[in-house]
Amino acid sequence: MKSFKGEALGWEWREGVIELTLDRAPANEIGTLMLGELEEFVSVAKTLADETSACIISSAQKSGFSAGADLRELYEQSLPLDDKARRTGACQFLTRIHKVLNWLDQAPFVTIAAVHGVCFGGGLELALVCDVIIADKMARFAFPELRLGLIPGFGGIPRLKRDLGNGFVRDLLLTGRSVNATRAQAVGLVAQLAAEGQALKVAKTTAAQVAKFDSSTRTAAKKFIKPIPHEELRREIEIFCELFTHPAVMAALRKFVENTGPMPYQP
């Protein structure tokens, strides 16, 4: 199978390049539906790895790349549970998403995130597993999790620490504020800036350049320059699950769910 169209995403393999398109209204929230289809994608991508040079991840939603975790689903599923069951459910979900993202992080082909609009929380964590982030000039990046009494749970902190200086990491995490694409490029988060609406086009050009080089050399280079911080990733899950049982978290999730504003995701 070299193409797929699901309820939350679709993908197509063509001439050595996989284009994975997130497409779940309103803002590509990552919940059980999106995760299930990402797991299906990874299972197939493994079989295509030897004949694939690059994978481009982009969004068909006008709002942006992804607003992050599906907070409404998280709240509704957690509401009837006691603390122990709530913690268990969160840990199970995080273990599954980490398995997907860890594989994408170390995939033998080059992964490219083509980002526009909002790239927040879990959406940013998905972009961070990619080797290259290409963003249009209107893109914005943020980790708003502290507003919920949580830390990022999909591997964001260890990967930011791996790739960037601590000053930017702490500012992004501890303030919850969003940064624009220009600053994100200045600190090294974004590799290339594109004109508004042109990130996917630039990503395709980059993928074509990648295809010119030997695959075994590319794989060896990735292993050397992009180590997976496994121990820190495991610790992140533990901290998130511990925090998730705090009463303030459910109160903050309820406040988010009840927000009727047009941009509840905006930090």
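## The loop between E3 and H1

Proline 26 sits in the loop between E3 and H1, and in this predicted model the peptide bond that joins alanine 25 to proline 26 is cis, with omega at about 5°. Asparagine 28 lies in the loop between E3 and H1 as well, and its phi is near 55°, a positive value in a residue other than glycine. Most residues other than glycine have a negative phi, and most peptide bonds are trans. Asparagine 28 is buried, its relative accessible area being 0%.

A positive phi is also found at glutamate 15, which is not a glycine and has a value of about 50°. Glutamate 15 belongs to the loop between E2 and E3, and with 72% relative accessibility this residue counts as exposed.

The buried residues of H1 are Met34, Leu35, Gly36, Glu37, Leu38, Phe41, Val42, Val44, Ala45 and Leu48.

An α-helix has 3.6 residues a turn, so residues three or four places apart point the same way. The partners against which the buried residues of H1 pack are strand E1 (3-5), strand E2 (9-14), strand E3 (17-22), strand E4 (54-59) and H3.

A search of the whole structure finds one disulfide, formed by cysteine 91 and cysteine 241, whose sulfur atoms are 2.3 Å apart. Because cysteine 91 lies in helix H3 and cysteine 241 in helix H10 (residues 230-243), the pair ties together parts that are 150 residues apart in sequence. The two partners are placed as follows: cysteine 91 counts as partly exposed at 21% relative accessibility, whereas cysteine 241 is buried, with a relative accessible area of 0%.

Cysteine 119 takes part in no disulfide, and the nearest cysteine sulfur, which belongs to cysteine 130, is 9.3 Å away; at 0% relative accessibility, cysteine 119 counts as buried. Cysteine 130 is likewise in no disulfide, the nearest cysteine sulfur being that of cysteine 55 at 7.1 Å, and with 6% relative accessibility cysteine 130 counts as buried.

## The largest pocket

Rolling a probe the size of a water molecule over the atoms shows where empty space is left. The largest pocket has a volume of about 820 Å³, and of the 42 residues that line it, Ala69, Leu71, Leu74, Leu148 and Leu150 are the closest to its centre. Two or more residues of the lining come from each of helix H2 (71-78), helix H3 (83-105), helix H4 (122-128) and helix H11 (247-257).

Helix H3 makes the greatest contribution to the lining of the largest pocket, with seven residues. Sorted by class, this lining consists of 23 nonpolar, 11 polar and eight charged residues.

## The second largest pocket

The second largest pocket holds about 340 Å³ of space, and it is lined by 18 residues, of which Cys130, Asp131, Val132, Asp163 and Lys226 lie nearest its centre. The elements that give two or more residues to this lining are strand E8 (132-136), helix H5 (156-163) and helix H9 (215-225).

Helix H9 gives the most to the lining of the second largest pocket, with four residues. By class, the lining of the second largest pocket has 11 nonpolar residues, one polar residue and six charged residues.

Lysine 84 is placed in helix H3, the helix that gives the most to the lining of the largest pocket, and lysine 84 is exposed, with a relative accessible area of 69%. Valine 132, by contrast, is among the residues that lie nearest the centre of the second largest pocket. Along the chain lysine 84 and valine 132 are 48 residues apart, and their C-alpha atoms are separated by 39 Å.

Technical notes. Residues numbered from 1 in each chain as written. Predicted model: local features only at pLDDT ≥ 70, side-chain atom pairs only at ≥ 80, totals over all residues. Heavy atoms only, no water. 1 Å grid on protein atoms, 1.4 Å probe; cavity = no way out; pocket = protein on both sides within 12 Å on 5 of 7 lines; lining within 4 Å. Points joined across faces, edges and corners; volume = space filled by probe spheres on them. Nonpolar A, V, L, I, M, F, W, Y, C, P; charged D, E, K, R; others polar. Disulfide = S-S within 2.5 Å. Buried < 20%, exposed > 50% of the residue type's maximum accessible area, 1.4 Å probe, protein only. Contact = heavy atoms within 4.5 Å.
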